[in-house]
Amino acid sequence: MARIPLPETLMAGAFTLDDGRAAGLGTKRLNGKDLRRPFRGIRSTDDSTDIESIARAFNRGAHPHAFFCGITAAVLLRIPLPPAYENLRLLHVAVPSQRRAPKERGTIGHTFQIDSVDVRDWNGLRITTPERTWCDLATVLSIPDLVAAGDYLIHWENPLATIVTIEAARQRHRGRRGRSKLVRAIDMLNDRSESRQESLLRVTMVRGGIRGIRANLPIRTSGGYNYRADIALPDRKFIVEYQSRFHDGSTEFRSDMTRTSRLEADGWCVMQVNMEDLDNPRELVQRIRTVLRSRPVIPVIP
């Protein structure tokens, strides 16, 4: 027997059993094998496994006071995270502290002492604000990864937060776990970082005691070419560039060679590093220091 077609209003994704019954569907149809059961009392026509789709399915039957937090909020906000966290499919769901933590298959429940200013609507989902999310990430991320997350939030082109609002959120939660990480990380945030890897590189250098760092410094060569250096020490005419796997294409590789040659012709020293270098930060810092010892200090004209 052919299945009863679903009403068009239920074809967009997840719906509750009550929604299905209100649309005229019986128990047998609601238990049909073509419908997924992502959460208790929820049916779905969507087989997507990305975290946003999972969150929207959960949200159909969620308590009105529930909100997404921690890693889940970070992924929804597109905050760059270590791959192990970006690929998690468990939902972190919280409620205010006076209520009972959610207990549902596929979720991790939390209770928070939280102000209303720390929760916002994000495309129809209730999540912790970018600032509060950053503070909560301190319980699971290392300091370099926490800085990379903060750099993304305050990026000058499309900021989701500012140093001021992040600091205000940190002050509101001074007693929470991860407090010392937040204090150390906030002083290293930079709104010019263009990627998580660049942030990790800069933090490695700062924690290694290297000073005078500029992120994505604009440089105009004597030949009139304009470039931006990932990490630069202008007073030493020294550049550290992060190269990822996306630089493997031959056209981009040739362009990078020409760029490096033009910079070096103007007296810049260019060191190129990759993820393997970041895996051994102590050796990388020592290597950078070795080069800097051979570079004279050049007065920088303001």
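Which residues does Leu137 touch, not counting residues up to four places away in sequence? In this predicted model, Leu137 touches Gly70, Ile71, Ala74, Ile79, Leu81, Leu146 and Ala149. Leu137 also belongs to the largest nonpolar core, where it is among the residues with the most contacts.

**Nonpolar cores**
- In soluble globular proteins, nonpolar side chains tend to be buried together.
- The largest nonpolar core here consists of 43 residues, and Phe68, Leu91, Trp134 and Leu137 have the most contacts inside it.
- Elements that contribute two or more residues to this core include helix H3 (51–59), helix H4 (70–76), strand S4 (91–96), strand S7 (125–128) and helix H6 (130–137).
- Another core, of 18 residues, lies apart from the largest one; Leu201, Leu233, Val240 and Leu278 are among its members.

**Overall fold and dimensions**
- The protein contains 13 helices and 11 strands.
- Its radius of gyration is 25 Å, whereas a compact globule of 302 residues would have one near 19 Å.
- Along the principal axes, the C-alpha atoms fill a box of roughly 80 × 50 × 30 Å.
- Among contacts with a separation of 6 or more, 59% join residues 24 or more positions apart.

**Surface and charge**
- Of the 302 residues, 45% count as buried.
- The protein exposes about 16600 Å², and carbon and sulfur atoms supply 50% of this area.
- There are 47 positive and 35 negative charges, and their mean positions are 6 Å apart.

How values were computed:
Residues are numbered from 1 along each chain as its sequence is written. This is a predicted model: local features need pLDDT of at least 70, side-chain atom pairs count only at pLDDT 80 or more; totals for chains, interfaces and linings use all residues. Side-chain values use heavy atoms; hydrogens and water are left out. Helices (H or I, at least four residues) and strands (E, at least two) are DSSP runs, numbered from the N terminus. The radius of gyration is taken over C-alpha atoms; the globule rule is 2.2 Å times the number of residues to the power 0.38. Buried means under 20% relative accessible area, exposed over 50%, partly exposed in between (1.4 Å probe, protein chains only). Contact means heavy atoms within 4.5 Å. Accessible areas come from the Shrake-Rupley method with a 1.4 Å probe; for residues, only the protein chains shown count as cover. Lys and Arg count as positive and Asp and Glu as negative; His and the chain ends are not counted. The place of a charge is taken as NZ of Lys, CZ of Arg, CG of Asp or CD of Glu. A nonpolar core is a set of buried Ala, Val, Leu, Ile, Met, Phe, Trp, Tyr and Cys residues joined through side-chain atoms within 4.5 Å.
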